[in-house]
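Here are my notes for you, written as numbered points. Keep the model open on your screen and look up each spot as you read.

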Amino acid sequence: MLKKQLKTIITLVTLSLVFSCTNNTIKKSNNIISINYPESNLFKIKDGNWIIIDDIKITHKNNIEKVNNFSIPSYSFTSLKVEGKTLTEKANTIDIGMHLYNVLKHSNKYIFHNKAEILINGKITFSRKDKKKILIEYKKNYPVNISF
């Protein structure tokens with residue numbers, strides 16, 4: 001009897017942990033998606049934050065030297081280090097939008113519908129070349145606007 005109760009408790013705790021972890025992320029999909037980072041919430045973007053677009057995980061970095069083909073700047077990032085001195089900059093919505101655009105363009109999977117708008121307000125609207133739905137996943141507190 002005690003073993004059965006213990007198994008039930010362990011099962012309930014395990015299920016609780018699984019559901020609490022999965023509820024921490026948001027998943028959206030559609031054929032055409034627009035992504036924009038609102039200027040008022042950019043300060044929330046920290047080193048290590050991420051967004052997954054299809055199978056591409058894009059991570060924010062606070063050091064420009066650590067940036068690679070799958071990363072974009074965090075809100076506050078170090079852009080230059082010379083003789084022990086560092087230059088720290090603050091990203092704006094256009095900076096982040098342009099970096100995200102470059103990562104997605106590099107994958108060669110997407111068609112971009114508004115290249116001029118990326119330069120104006122950082123908003124990217126795109127679809128897949130193969131016409132499949134785009135799947136996006138990110139944590140609930142990630143400051144991004146996604147529309148269809």
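1. Start with strand β2 (32-36), which is mostly covered: four of its five residues are buried. "Buried" here means under 20% relative accessible area, while exposed means over 50% and partly exposed is in between (1.4 Å probe, protein chains only). Strands, by the way, are DSSP runs of E with at least two residues, and helices are runs of H or I with at least four residues, all numbered from the N terminus.

2. Before you go further, a word on what you're looking at: this is a predicted model, where local features need pLDDT of at least 70, side-chain atom pairs count only at pLDDT 80 or more, and totals for chains, interfaces and linings use all residues. Residues are numbered from 1 along each chain as its sequence is written, and side-chain values use heavy atoms, with hydrogens and water left out.

3. Which strands does β2 pair with? One partner is strand β8 (residues 124-128), antiparallel over four bridges, and there S34 has T125 as its bridge partner. The other is β10, again in the antiparallel sense, over three bridges; look for I35 opposite I146. For two strands to count as paired, DSSP has to find at least two bridges between them.

4. Now zoom out to the sheet around β2. Four strands make an open sheet in the order β7-β8-β2-β10, with antiparallel pairing. β7 and β10 are at the edges with a single partner strand each, so one side of each has no neighbour in the sheet. On average, neighbouring strands are turned by 30° against each other, direction ignored. β7 and β8 are antiparallel over three bridges, with I111 standing opposite S127.

5. What packs on this sheet? Helix α2 does, touching β2, β7 and β8, and its direction makes about 140° with that of β7. A contact means heavy atoms within 4.5 Å; the axes behind the angles are lines fitted to C-alpha atoms (for helices, over the stretch in contact), and angles run from 0 to 180 degrees between N-to-C directions.

6. Six strands form an open sheet in the order β1-β9-β3-β4-β5-β6, and the pairing is mixed. β1 (25-30) and β6 (85-90) are its edge strands, each with a single partner, so one side of each is left without a neighbour in the sheet. The twist averages 25° from one strand to the next.

7. Some details in that sheet: β3 and strand β4 (residues 56-63) run antiparallel and are joined by four bridges, and I52 has K57 as its bridge partner in β4. K57 also lies over the face of W50, at 5.2 Å from the ring centre. (For that label, NZ of Lys or CZ of Arg must be within 6 Å of the ring centre and within 35 degrees of the ring normal.) Further along, strand β5 (residues 71-82) and β6 pair antiparallel over six bridges, with L80 opposite L87. They form a hairpin with two residues between them, and E83 in the turn has a positive phi of about 50°.

8. How many aromatic pairs does a search of the whole structure find? Five. Rings of Phe, Tyr and Trp (its six-membered ring) pair if their centres lie within 6.5 Å; planes under 30 degrees apart are stacked, over 60 edge-to-face, and the rest tilted. Y37 and Y142 make an edge-to-face pair, 5.8 Å centre to centre with 85° between the planes. This pair links loops 105 residues apart: Y37 sits between β2 and β3, Y142 between β9 and β10. Y37 counts as buried because its relative accessibility is 1%, and Y142 counts as buried at 5%.

9. Another edge-to-face pair is Y101 with F112, at 4.7 Å centre to centre and 70° between the planes. Y101 lies in helix α2 (residues 93-107) and F112 in strand β7 (residues 110-112), so the pair ties together parts 11 residues apart in sequence. Both are buried. Ring pairs also join Y101, Y110, F112 and F126 into a cluster.

10. Finally, the overall tally: the protein has three helices and 10 strands, and buried residues make up 34% of its 148 residues.
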